[in-house]
Amino acid sequence: MAVSWDRLWASWRVGAARASFLSLGMAPRPRPLARTPLQCPWSVTPVSSMATVKGELIKNLTSEVAVPHNKVSIIGTGSVGMACAISILLKGLSDELALVDAAEDKLKGETMDLQQGSQFMKMPNVVSSKVDILTYVAWKLSEMPQNRVIGSGCNLDTARFRFLIGQKLGIHPESCHGWVLGEHGDSSVPVWSGVNVAGVPLKHLNSDIGTDKDPEQWRDVHKDVIASAYEIIKRKGYTSWAIGLSVADLTESILKNLRRVHPVSTMIKGLYGINEDVSLSVPCILGENGITDLIKVSLTPEEEARLKKSAETLWGIQKDLKF
């Protein structure tokens, strides 16, 4: 399987005074990737002694010094990958965007499409995401520190949760505070004990909120969080934009060192009575060094039991993986 290390890539850099695009190339790891200029208006023309339009047009005053820049790479140029790319580009988060895909024609087509739209927005760089078991696999294979291997986890689930709470209350979701933790999927855990608006816990207003006894059926909010992805897939065939915007949100916290709290997937062995090597979403402080801290959320006994159950669900799948 020597070809498994082959990489196809496309990238561009945007500097203060000029822009240069680096295009499709292929090289077996670990040798450096070959770089072939893409035939586009922004390609860098080799300097020669012969008079050129560029030479006649521009008078050079000083040599350019490389400026430190942020680079974001996105693995896979499918619907989700390109939604991540567009979301990051629109936020202007990085200086260089690298797209990686094994499908050469698809990769080149997406790169050309973005390049040709470069006049309509500032052109930065790209990223990707994955979920809990793949976070564990990526950590094992990369041998990187745990705090630098981060799954998008329940960042999107939590956004959906707050959005639906806001709809039910008639309040903007940014003013609705609540968390979904655990697995990014059916066994995720809504932390109803912590849901509040302006510091007012909803559980103080309705002690049965989120339970079967609740006459208002608030538990349907979490059911809709889980069902929404399936509903979107049923209607359009896939999800892309919400997860793309979620990944851009995480990327912004890392690149700008915002130290915001996100429910992202990380190794949590030893927390909440979980003894397996599993990655689950818990509130994490995210910045330029990855995950620097975990927030110790107080859970009710029922919520903690559900989090353990979520861990057991993942471990039942993950335990048979061989490395």
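A: Start here: Phe-161, Trp-192 and Trp-218 are joined into a cluster by ring pairs. Keep in mind that this is a predicted model, where local features need pLDDT of at least 70, side-chain atom pairs count only at pLDDT 80 or more, and totals for chains, interfaces and linings use all residues. Residues are numbered from 1 along each chain as its sequence is written, and side-chain values use heavy atoms, leaving out hydrogens and water.

Q: How many aromatic pairs are there by the rule for rings?

A: Rings of Phe, Tyr and Trp (its six-membered ring) pair if their centres lie within 6.5 Å; planes under 30 degrees apart are stacked, over 60 edge-to-face, and the rest tilted. That rule gives two aromatic pairs here. Phe-161 and Trp-192 have ring centres 5.1 Å apart and planes at 70°, so they're edge-to-face. Trp-192 and Trp-218 are edge-to-face too, with 6.2 Å between centres and 80° between planes.

Q: Are Trp-192 and Trp-218 buried or exposed?

A: Buried means under 20% relative accessible area, exposed over 50%, and partly exposed in between (1.4 Å probe, protein chains only). Trp-192 and Trp-218 are both buried, and Phe-161 is buried as well.

Q: Which residue lies over the face of Trp-218?

A: A charge sits over a ring if NZ of Lys or CZ of Arg is within 6 Å of the ring centre and within 35 degrees of the ring normal. For Trp-218 it's Lys-168, at 5.0 Å from the ring centre. Arg-162 lies over the face of Trp-179, 4.7 Å from the ring centre.
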